[in-house]
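Subject: Structure handover and notes

Hello,

Please find the structure we discussed below. My notes on it follow.

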Amino acid sequence: MKQGLFITIVMVVAFAIALVVFQFLPDYIKAGGILVPILIMMILMLLTFIIERLFALNKAKGKGSLTAFYRKVQQEIKAGNIDAAISACDKQRGTSASVLRAGLEKYKLLKASGSHLSAKETMDEMQHSIEESMMLEVPLLERNLVGISTLASIGVLVGLLGTTLGMIKAFKALAKSGAPDAIALSLGISEALINTAGGLITAILGIVAFNYFSTRIDNFTYMIDEATYSMVTTLSEKEIK
């Protein structure tokens, strides 16, 4: 499914659910006004993106332990069993396996073609294939992170807008001649505070999720870089020998 279509579907479904949820909320939360369903929609979208990223990143790790997989591939390479290393990548699957497999496939192709490239040129070609694979895989890991960051930022602004509208109503009640309208005043303040709370919840959830996934992706890509570096170094040493 295309990313734009996915986000559109999530937005429409989240807004529909938000309108239903709004009908069953306590009256003091409904007093927040028309922006409350929008804040609920944004929170639901955030939760959807978070769940989607959790599944996606777990899938990107592959089937088994990454540490055991890296060790297996390294052992096969040292033993000169390139086909066995590629087979291990096929069994593992996931982002790491795809990147390592791209490098191993390139190395195998160069060797099978009987090219007269030097060891350095062979490693450069292999490294180029690894970098191309990384350029394809990393954006998949970072998908929806922009959406999470955007929702966190917009949540604050929507909450601030609701706060402003509520305070306008409150000051309007105070501006009446004679005794202030206590009910209108309390409703205005209530609307301001409810929207403030909704905006803060959205922002906090979004910022925490964005930082968590960013750190996890950075650690994941670092492990891949370490594994590919070890693989290239081992093959380079075998080429020199």
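Which of the 52 residues in the largest nonpolar core touch the most other members? They are F69, V73, L100, L104, M126, M231 and L235. At least two residues of this core come from each of α1 (3-23), α3 (35-61), α4 (66-78), α5 (82-92), α6, α7 (119-141), α8 (145-174) and α9 (182-240). The helix that gives the most is α3, with twelve residues. Please keep in mind throughout that this is a predicted model.

As background, nonpolar side chains tend to be buried together in soluble globular proteins.

Setting aside residues up to four places away in sequence, L104 touches V73, I77, I82, A85, I86, C89, M126, M231 and L235. 

Helix α6

Helix α6 covers residues 94-112, which is 19 residues. The buried residues of α6 are G94, T95, S96, A97, V99, L100, G103, L104, Y107 and L110.

Two of these were looked at one by one. T95, in helix α6, has a relative accessible area of 6% and is therefore buried, the cut-off being under 20%. Beyond its neighbours within four places in sequence, T95 is in contact with A60, E137, L141, F220 and I224.

V99 also belongs to helix α6. Its relative accessibility is 0%, so V99 counts as buried. Leaving out neighbours within four places in sequence, the contacts of V99 are I130, S133, M134, E137, I224 and T228. Between V99 and K63 there are 36 residues in sequence and 15 Å in space, C-alpha to C-alpha.

The contact between V99 and S133 can be followed from the other end as well. S133 sits in helix α7 and, at 10% relative accessibility, counts as buried. With neighbours within four places in sequence left aside, S133 is in contact with S98, V99 and A102.

Helix packing

Two packed helices are described by the angle between their axes and the distance between the axes. Two pairs are described here in those terms.

The axes of α4 and α6 cross at roughly 10° and come within 11 Å. An angle under 35 degrees counts as roughly parallel, so α4 is roughly parallel to α6. Their crossing is right-handed. On the α4 side the contact is made by L66, F69, Y70, V73 and I77, and on the α6 side by S96, A97, L100 and L104. F69, V73, L100 and L104 are also among the core residues that touch the most other members.

For α3 and α8, the packing angle is about 165° and the axes are 10 Å apart. Angles over 145 degrees count as roughly antiparallel, and α3 and α8 are therefore roughly antiparallel to each other. The crossing in which α3 passes α8 is left-handed. From α3, the contact uses L35, I38, L39, M42, M45, L46 and F49; from α8, it uses G147, I148, L151, I154, G155, V158, G159, L161, G162 and L165.

G199

Which residues does G199 contact, leaving aside its neighbours within four places in sequence? They are L39, G155, V156 and G159. Of these, L39 is one of the α3 residues, and G155 and G159 are among the α8 residues, in the contact between α3 and α8. G199 itself is in helix α9 and is buried, with a relative accessible area of 2%. G199 and I34 are 165 residues apart in sequence, and their C-alpha atoms are 14 Å apart in space.

Positive phi

R93, which is not a glycine, has a positive phi of about 60°. R93 lies in the loop between α5 and α6. Is R93 buried or exposed? With a relative accessible area of 53%, R93 is exposed, since the cut-off for exposed is over 50%.

N144 is likewise not a glycine and has a positive phi, of about 75°. N144 is in the loop between α7 and α8. Its relative accessible area is 6%, so N144 is buried.

Regards

Technical notes: Residues are numbered from 1 along each chain as its sequence is written. This is a predicted model: local features need pLDDT of at least 70, side-chain atom pairs count only at pLDDT 80 or more; totals for chains, interfaces and linings use all residues. Side-chain values use heavy atoms; hydrogens and water are left out. Helices (H or I, at least four residues) and strands (E, at least two) are DSSP runs, numbered from the N terminus. The expected span of a helix is 1.5 Å times one less than its number of residues. Buried means under 20% relative accessible area, exposed over 50%, partly exposed in between (1.4 Å probe, protein chains only). A nonpolar core is a set of buried Ala, Val, Leu, Ile, Met, Phe, Trp, Tyr and Cys residues joined through side-chain atoms within 4.5 Å. Contact means heavy atoms within 4.5 Å. Axes are lines fitted to C-alpha atoms, for helices over the stretch in contact, and angles run from 0 to 180 degrees between N-to-C directions. Angles under 35 degrees count as roughly parallel, over 145 as roughly antiparallel, 65 to 115 as roughly perpendicular and the rest as oblique. A crossing is left-handed if the near helix is turned anticlockwise from the far one by less than a right angle, and right-handed if clockwise.
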